[in-house]
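Morning, everyone. Let me put the model up, and then we will go through a few residues.

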Amino acid sequence: MASKMSQLEQAQVAAILGPDPTPFETLVSHLMSTNNDQRSQAESLFNLCKQHHPDALSLKLAHLLQSSFHPEARAMAAILLRKQLTRDNSYLWPHLNPSTQSTLKSILLACVQREASKTILKKLCDTVSELASGILPDNGWPELLPFMLQCVTSDDPRLRESALLIFAQLAQYIGETLIPHLDTLHTVFLQCLSSGSNPDVRIAALSASINFIQCLTNASDRDRFQDLLPLMMQTLTEALNCGQESTAQEALELLIDLAGTEPRFLRRQLVDFVGSMLQIAEAKSLEEGTRHLAIEFVITLAEARERAPGMMRKLPQFIHRLFAVLMSMLLDIKDDPAWHSADSEDEDAGETSNYSVAQECLDRLSISLGGSTILPVASDLLPAYLAAPEWEKHHAALICLAQIAEGCSKVMIKNLEQIVSMVLNSFQDPHPRVRWAAINAVGQLSTDLGPDLQMQFHDRVLPALARAMDDFQNPRVQAHAASAVLNFSENCTPEILTPYMDGIVGKLLVLLQNGKQMVQEGALTALASVADSSQELFQKYYDTVMPYLKVILMNATDKSNRMLRAKSMECISLVGMAVGKEKFRDDAKQVMEVLMSLQGSQMEADDPTTSYMLQAWARLCKCLGQDFLPYMNVVMPPLLQSAQLKPDVTITSAGSDADIDESDDESIETITLGDKRIGIKTSVLEEKATACNMLCCYADELKEGFFPWIDQVAPTLVPLLKFYFHEEVRKAAVSAMPELLRSAKLAIEKGQAQGRNESYLKQLSDYIVPALVEALHKEPEVEICSSMLDALNECIQISGPLLDESQVRSIVDEIKEVITASSTRKGEREQRTKAEDFDVEEGELLKEENEQEEELFDQIGDCLGTLIKIFKASFLPFFDELSSYLTPMWGKDKTAEERRIAICIFDDVVEQCREAALKYYDTYLPFLLEACNDENPDVRQAAVYGLGVCAEFGGPVFLPLVGEALSRLNAVIRHSEATHPENVMAYDNAVSALGKICQFYRGSIDAAQVVPLWLNCLPIKGDLIEAKVVHEQLCSMVERSDRELLGPNNQYLPKIVAVFAEVLCAGKDLATEQTASRMINLLRQLQQTLPASTLASTWSTLQPQQQLALQSILSS
């Protein structure tokens, strides 16, 4: 609805839109004003014109664009028109009358022909493209394509460029409407890319042809454009030969775009393209920016593995050249005095843009191509670097090793000795920056090659780091050695650390008293990590260490020491958690006083204390448990505030002039979504993620004690299930959902819910469960989908009976969606294995992705199992719907994990739904019997367990299959490797199932043969749940003097006594307390009733220690 205008406004609008052009020109100039009042007044008048007189306003803008002498007015008119004619909230076009529409279209095309200013012409092409993308698909501008084709063949390069710019945008927005003109466009692009053309026309043609190729879905259509590739490359090389590097850089950016989206299109010309790019990268006479873009092109191709797996690995000679270029760029480092003085955090002092690009690219290259390709190349180049006299070369070799470790980890682990020696030799290098780089490599390798590195080389690495901490001449080296201790101990068991603890803790305490702040900070982080890794073993050092930590916490109060104080909080809280509540309690009170006073003080926005404090509070809570409750009123308000932080987001269009400059501000991360570029301040996101994680910690730790906060926390976290700016925020919100429900349920059960009852839990569940289901529907990451299903499963376990039918329906529907999406992804991966360059490395990567998929199926199985356990037979209508999704999972072509999950779901149905499930036996039992012989032990376990459940509840329906079931179970039990560790669970479940057949089908089997066979398999010790069931059954059979069990003349009695002895000697593992006491009673009865000789011979079959143990059990 248009708002009503006052008389004054009516008069102003009438003047603006009247015959005199001046008021309108004034309005447009005010819209560009830097004076806020003037601008906002102009904006409101402009909006009134738009609401009440859209035709007049549009025509005024068009005439201004056509006839104003002021370039800025024409530019503004083009921009304003584009905004009015774009398909968004203020889309005016449909509201204009046909004659206005027709006039606007003619004026726009006339302006394209006449406009002399290049920048305005580009804006004008944007306006034409925006309008055309809205109306061309419905044939709303039939004159446009003929006009563009006329321009493209014109002699005027300006017109050719304009038409190509419009083509480029239309290909991006509405490419499908251009496909009928494929042949014409091919000819046009061929002409405009050829070498006689003006450079601007060639770049525009490059952009248009690349966008058009990207919009073609049909491969044979795309192949028609293969002959443009040599011309595309020529556009780049000729620009470089003429010294037009900015044109060359534009061309490179366009080609990088093509390499990322359509790498296979480049395959036939790959050798020429990559070869030329490497020539550019190697040419030191060119600008750095140009060389970096050429490298980016090659790396983009290497990374486009989903579209062209393995393609780049087929070019080893190029990888060698690229690696050599990157290594030489690492030499571009200055020995900056600021690095040595170590007064500031600036550890990259002296590093250049060449150096940082090379670092990043080595990392990306090794991750995308993998160790089997990269490590041989590195092994070729690095020895010469390490043998050279220049320190820069030693430094480069060590930095390179650290950068490639993540991508090459699997192959590096096989060559650890050689790699560790290479790095440790450099600990003695005369140049401190080389020693720093060696320590840096140890830290990185500890992370990427752990725990293998820690287990095999602790005796060489830890002493070397300890010696480096004595380098008082070079504080940066000392600090970095402390940081490397952190990396080393994170992947380390207490047993490995213990022998070195005295030395390391001693050195770190010396560093804590050092004058240089960075050394103190490094020592704090290392101490925290050592405490965290050694846990209660750290108690020995507590009394020495804690006073130092408290001094720093109390005294590091001025602004320059903020980070030091923050790290002392981290260290104190981790030490407290390691040594436990009893040891820490007295100091904890003091520390919490300090934190409370800090919490109340004003802190600056960039103060790191906030985030460290949030984490320290949560660790203190974990350490103190319920004793922490009194502090919650202090902790929660700021924590909620951090969790509710709004992301600091700026949005620009992807191609706009106002690009967010990523290099200037490292704290801004940019993502491109469609044609929008979104910049987000990462520090805000990190604080938010930390806060959400902490909320989850408190709920988990305090259980019912957290109840008073649920009403504030739930509305904070539930919307964050769909917070797509940051994965950690989503993960934390997901994990918190079941914790909130559990807290409410426990508080209600224990009468601590401030008078609330079960209807409150229902309300909370009605809020959380549907939100989780909806978030699962929209979640892009497979790993987070798994976490969501896991959380959903826990929520159903807690509040399942409160779910209504429509909620169960939505859960089941979502599970169908998840199964379908997963099958689609697997299909796509299957396609990738058929690609012509598919190789072993690619197979490894696919295997990892498929493992994530299996985790997802695991969670689906658990969720369905829980629903079946809670709703029993009333869930069966849903199970029937799901059967078309589940039955294919039994197939031989499916993974073992999928087969196992499908069997487990059927087992749950039989066990929970009993008579109601009998109708499924015909369908599923043949699968179950076959799966007893599956080569995968987990599948066998699920199958034989299922036979046991069917035997227990199947009655006459299972009877005809008893013989077949016995032979399948027999095969599992008698297998030569049946009791090997990987098979023992299947064996135990088969024994249990055999016992159930003995129990429920005694009359239909040869009991005199089968029962002793069963007894002979006892006791079972792998599956502790089944063990308790089976040994209880044995007990019941002895109590009723089962004839077949005892055998003729009680000949199996010694075996029964031996089983009882073994079960009783194992403590609580193999039998419930009740079963154990029944066994003891039975043994006492036997002592009293059996003849002494029988008793003696029975006893004599036991091992000596069993005899002793039994005597003490029976006499107590």
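I will take the cysteines, then an arginine, then a glutamine.

Ground rules. This is a predicted model, where local features need pLDDT of at least 70, side-chain atom pairs count only at pLDDT 80 or more, and totals for chains, interfaces and linings use all residues. Residues are numbered from 1 along each chain as its sequence is written, and side-chain values use heavy atoms, with hydrogens and water left out.

Cysteines. How many disulfides does a search of the whole structure find? The count is 0, with a disulfide defined as a pair of cysteine sulfur atoms within 2.5 Å. Take Cys863. Its closest cysteine sulfur belongs to Cys795, and at 9.3 Å that is too far for a bond. Cys1065 is in no disulfide either. The nearest cysteine sulfur there is in Cys1035, 15 Å away.

Now burial. The cut-offs are relative accessible area under 20% for buried, over 50% for exposed, and partly exposed in between, using a 1.4 Å probe and protein chains only. Cys863 is buried, at 0%. Cys1065 is partly exposed, at 37%.

Next, Arg619. It sits in helix α31, residues 609–624; helices are DSSP runs of H or I, at least four residues, numbered from the N terminus. Arg619 is buried, yet has no salt bridge. That term needs a side-chain nitrogen of Lys or Arg within 4 Å of a carboxyl oxygen of Asp or Glu. The nearest side chain of opposite charge, Glu570, is 4.3 Å away. Contact means heavy atoms within 4.5 Å. Leaving out residues up to four places away in sequence, Arg619 touches Glu570, Ser573, Leu574 and Met577.

Last, Gln712. It lies in helix α34, residues 710–717. Gln712 is partly exposed, at 42% relative accessibility.

Conventions
Helix = DSSP H or I, 4+ residues; strand = E, 2+ residues; numbered from the N terminus. Lys, Arg positive; Asp, Glu negative; His and termini not counted.
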